[in-house]
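Welcome! Here is a short briefing for anyone meeting this structure for the first time.

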Amino acid sequence: MSIYLDNAATTKPCREAVESAVNAMTENFGNPSSLHRAGLDAQLVLDNARKVIASSTGAESENIIFTSGATESNNLAIRGICSAYGKRKKKIIVSSVEHASVDETLNDVEKNGFEVVRISPREDGNFYAEDFINACDENTVLIIMMYVNNETGYILPVQETFTKVKKRFPDIITHTDCVQAYMKINFKAGRLCADLISLSGHKIHAVKGIGALYIRKGIRLIPIITGGKQEKGIRSGTESVPLAAAFGSAVNRFSKDIDTRYEKVSELKKYLVEKISEIDGVEINSPENCSPYIINISQNKRSEIMLHFLESKGIYVSSGSACSKGQQSGVLGQFGITGKRADCAIRISMTAETTIQELDEFINALKYGMENLRG
Ligand code: PMP
């Protein structure tokens, strides 16, 4: 039996998600754009999933566009806004710890004449709304701030920043990547003052290959994928009804339980932090008030050596960000974690189904590895 502690990389699909995907593939396999009954049935499945996801973010169905995942949602948000509004306004404000799907996309638009201002945490390791607001001006088209950082679990001040930005500069468009917050922390688009929100299915026990972009009414996006004008013309391509159905079912299952699951995971985190703090040579890299779902620590062996040792014991964790295949992303450095401490960082990410026994096994294996491995 393996112990899976890499839920920030991806999660196991829940039974409800799998069942609705299978059902959509076997019973409702029509093309939702077809005008006959089979098409209509597929359209109904799609509509239902859209409604569930919309309601979970405090939105209406018309605000939700299905994508292939958050990477595409982030690309669509950034490129779509730059094309629609970027003729005269050329400045983008962004946190310095975004996921590669935001950061790399911004590198790209930067080459096309946009000025990207990256705001770092202050020396105390925290982000401050004022630092973002002070960087905004009349030339700013877009501000981007992820909700929960995927490497450390740090919670960024999205609501405070976006609310203040909108007060001073109502025309600046606000975008947040909520991949690591969705179904873990309760939020609503309106309260966040977010115009655009990126979501991903496979981080919330749905399946890979499906995501969504929340788009506030009135925000214009130039599509990056053109064709048959599905998804209101914003994202062409026949929708994956099975994946969307799985996404909707996972949201349906977990949206009622966000707070109880948060409490449960907070208890697990408390236990884990207490136990690993007793181990000589372990440093906790995640700040105290971060998302309990993600804990980043440094120990005395290089990340990859420890990762593969734990793997040999059937325990799966991640070194830094799993998406970058072990490459250091620089995000830890932004949080002041550098040198050997960054080289020896591992990320443990849990779900509410994680057990104390699993954590005990992980702690014992970690201790053994720290005492006995070379490197
Ligand atoms: N943003 C964040 C914060 C993430 O953690 C991830 C996944 N690692 C993504 C975006 C990309 O999501 P997807 O895998 O759905 O493309």
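The notes below go from the domains to the spaces between them, and then to some single residues.

Please keep in mind that this is a predicted model. The protein is divided into two parts: domain 1 (3-11 + 257-372) and domain 2 (15-255). The largest pocket and the largest cavity both draw on these domains, and each lies between them.

**The two domains**

- Domain 1 is made of two stretches, 3-11 and 257-372, while domain 2 covers 15-255.
- Between the C-alpha centres of domain 1 and domain 2 there is a distance of 27 Å.
- On the domain 1 side, 28 residues take part in the contact, and on the domain 2 side 30 residues do.

**The largest pocket**

- The largest pocket holds about 380 Å³ of space.
- Its lining counts 14 residues, and the closest to the pocket centre are Tyr4, Asn7, Lys12, Thr351 and Glu353.
- Sorted by class, this lining is made up of five nonpolar, five polar and four charged residues.
- Why is the largest pocket said to lie between domain 1 and domain 2? Both domains give residues to its lining, so the pocket lies between them.

**The cavities**

- How many cavities of 30 Å³ or more does a search of the whole structure find? The search finds two.
- The largest cavity has a volume of about 90 Å³.
- There are 13 residues lining the largest cavity, and Met183, Lys184, His205, Arg261 and Tyr293 are the closest to its centre.
- By class, the lining of the largest cavity splits into six nonpolar, four polar and three charged residues.
- Because domain 1 and domain 2 both give residues to this lining, the largest cavity lies between them.
- The second largest cavity has about 30 Å³ of space.
- Lining the second largest cavity are Ser56, Tyr182, Met183, Ile185, Asn186, Phe187 and Ile258.
- In the lining of the second largest cavity, five residues are nonpolar, two are polar and none are charged.

- Tyr4 sits in strand β1, and it is one of the residues closest to the centre of the largest pocket.
- Is Tyr4 buried, exposed or partly exposed? Its relative accessible area is 29%, so Tyr4 counts as partly exposed.
- Leaving out residues up to four places away in sequence, Tyr4 touches Thr10 and Tyr316.
- A polar atom of the Tyr4 side chain lies 2.8 Å from the backbone oxygen of Thr10.
- The side chain of Tyr4 also has a polar atom 2.9 Å from the backbone oxygen of Asp6.
- Asp6 itself belongs to the loop between β1 (3-4) and α1 (15-26).
- With a relative accessible area of 11%, Asp6 is buried, because buried means under 20%.
- The side chain of Asp6 makes a polar contact of 3.3 Å with the side chain of Arg347.

- As background, most residues other than glycine have a negative phi.
- Cys193 has a positive phi, near 60°, and is a residue other than glycine.
- Cys193 is placed in the loop between α7 (189-192) and β7 (196-200), and at 24% relative accessibility it counts as partly exposed.
- Lys229 is not a glycine either, yet its phi is positive, at about 65°.
- You will find Lys229 in the loop between β8 (211-215) and α8 (241-254).
- Lys229 has a relative accessible area of 63%, so it is exposed, the cut-off being over 50%.

**Distances along and across the chain**

- Tyr4 and Val22 are 18 residues apart along the chain, and their C-alpha atoms are separated by 25 Å.
- Asn364 and Asp137 are 227 residues apart along the chain, with 53 Å between their C-alpha atoms.
- Asn364 is part of helix α13 (residues 356-372).
- The relative accessible area of Asn364 is 48%, so this residue is partly exposed.

Note on methods
Residues are numbered from 1 along each chain as its sequence is written. This is a predicted model: local features need pLDDT of at least 70, side-chain atom pairs count only at pLDDT 80 or more; totals for chains, interfaces and linings use all residues. Side-chain values use heavy atoms; hydrogens and water are left out. Helices (H or I, at least four residues) and strands (E, at least two) are DSSP runs, numbered from the N terminus. Buried means under 20% relative accessible area, exposed over 50%, partly exposed in between (1.4 Å probe, protein chains only). A polar contact is a pair of N or O atoms within 3.5 Å; within protein, one must be able to donate a hydrogen and the other to accept it, and residues adjacent in sequence count only if both atoms are side-chain atoms. On a 1 Å grid over the protein atoms alone, a cavity is a set of points where a 1.4 Å probe fits but cannot get out, and a pocket is an open set with protein on both sides within 12 Å along at least five of seven lines; lining residues have an atom within 4 Å of a point. Grid points are joined across faces, edges and corners, and a volume is the space filled by probe spheres set on the points. Ala, Val, Leu, Ile, Met, Phe, Trp, Tyr, Cys and Pro count as nonpolar, Asp, Glu, Lys and Arg as charged, and the others, Gly among them, as polar. Domain bounds come from an automatic or database domain assignment. Contact means heavy atoms within 4.5 Å.
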